[in-house]
Amino acid sequence: MNQAILALNAGSSSLKFGVYDIGRAGEPRPAARGSLEMDSSPHIKAEAEKGKPLVDRALPNGSLEDVLEALLTWIETEFGERRLTACGHRIVHGGSLFFDPVVLTPEQTDAIDALSPLAPLHQPHSINPIRAIAKMRPRLRQIGCFDTAFHRTIRPPASCFALPRAYEGKGIRRYGFHGLSYESIASRLQAEGKSDRRTIVAHLGNGASLCAMRNGASVDTTMGFSTLDGLVMGTRCGALDPGVLLYLLQQEGMAPHELQHLLYEKSGLLGISEMSADMRELEASADPKAREAFELFVFRATREIAALANTLGGLDCLVFTAGIGEHSGAVRKAICGRLGWLGVAIDDDANLRHGPTISTPASTVEIRVMPTDEESVIARHVLKAISEI
């Protein structure tokens, strides 16, 4: 019976997952990828690495416990002869406590849960599956992998806020996020022998950020203390003048929970367009407000790319990844069109084919489109962690 690892990447209404066999060579081998939906039409869907459908089944109940039980039962009883030996979880925030992957004991889980004020909309979605699986499969080892960990290499001044120093001691500093995604891209560049270049990775999706890398390590990023910072996102505002927050609190009388809802769930592309947080819908729309949302997204992305190029002292490689980055040729073309002064030149035909390389021979910056693979990064971390137990 093959031993296998389950990698879970939890969101607000769905969970992406990967199943990995533990091979003799010490590398997890991908066996299946899929998703669990917990909305009005709960279901489990998975396919093999080469796209062969494995399961696509409606579920009678969309509660977290029920969809997780459906997944575990499918792996244990239907998906070949496999025995789960560990489950890895993407956890958005590790604070100043967690950098390396950790075995999720009840005490460690409580400590991670205590960081929820730092990521109020994300951390609970990471914690809830951990506790549910601990209850359903108490003997199954669980490992936490942190999005903030990749950015531990960021140093002052890039890591600092211009606040009194005492606040940094309380954990108010720039952390950075999407670390598992950036680690996925960095490992692939390293395998190609290209990690020594000055590289900016654009993780553009419903959540969006940029990361400046040198020698495969993060040196600067657009998200800071929270996942609200930096770029315009699907429903999040990105960087915002703090005076706006004071005005909303003091003059508009907005309560803290109302402000949180506004910044996380009513702003970004949705707020500007007044129609959708989905870039595909905005690109297809003739509404001027949809175009304004598109243009603001591009403007902010290019402005931040320029800032990170300054951190790096130049730019050799620009990588697009995540949902918008991998699939929107219009966004990539618009961003690259504003970066000609940096030596960026895009090949329109290659861009329409979505890469993998979309720069022209004349471009001084290599432009790549690379799928991110957070689940594989989780699986590698889990395998290493359980081998050291």
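How many salt bridges does the structure hold? The count is 21. Keep in mind that this is a predicted model. Here's a quick tour of its sheet, some of those salt bridges and one of its pockets.

Eight of them make an open sheet with mixed pairing, and the order runs 5-4-3-2-1-6-8-7. At the edges you'll find strand 5 (53–58) and strand 7 (102–103); each has a single partner strand, so one side of each is left without a neighbour in the sheet.

Strand 1 (residues 2–10) and strand 6 (residues 82–91) sit next to each other in that order. They pair in the parallel sense, over seven bridges.

## Salt bridges across the chain

Strand 6 turns up again here. The side chain of Arg82 meets that of Asp21 in a salt bridge, at 2.7 Å from N to O. This pair links distant parts of the chain, with Arg82 in strand 6 and Asp21 in strand 2 (residues 14–22), 61 residues apart. Arg82 is buried, with a relative accessible area of 14%, and Asp21 is buried too, at 7%.

Next up are Arg137 and Glu69, whose side chains meet at 3.0 Å, N to O, in another salt bridge. Arg137 belongs to the loop between helix 3 (123–136) and strand 8 (141–146), while Glu69 is in helix 1 (residues 64–77), so the pair links parts of the chain 68 residues apart. Arg137 is buried, with a relative accessible area of 18%, whereas Glu69 is partly exposed at 28%.

Then there's the salt bridge between Arg174 and Asp220, at 3.5 Å from N to O. Arg174 comes from the loop between strand 8 and helix 4 (179–191), and Asp220 from strand 11 (residues 217–221), 46 residues apart. Arg174 counts as buried at 12% relative accessibility, and Asp220 does as well, at 11%. Elsewhere, salt bridges with shared partners join Glu192, Lys194, Arg197, Glu366 and Arg368 into one network.

## The second largest pocket

Helix 5 (242–250) and helix 6 (256–265) each supply at least two lining residues. Helix 6 gives the largest share, with six residues.

Methods. Residues are numbered from 1 along each chain as its sequence is written. This is a predicted model: local features need pLDDT of at least 70, side-chain atom pairs count only at pLDDT 80 or more; totals for chains, interfaces and linings use all residues. Side-chain values use heavy atoms; hydrogens and water are left out. Two strands pair if DSSP finds at least two bridges between them. Helices (H or I, at least four residues) and strands (E, at least two) are DSSP runs, numbered from the N terminus. A salt bridge is a side-chain nitrogen of Lys or Arg within 4 Å of a carboxyl oxygen of Asp or Glu. Buried means under 20% relative accessible area, exposed over 50%, partly exposed in between (1.4 Å probe, protein chains only).
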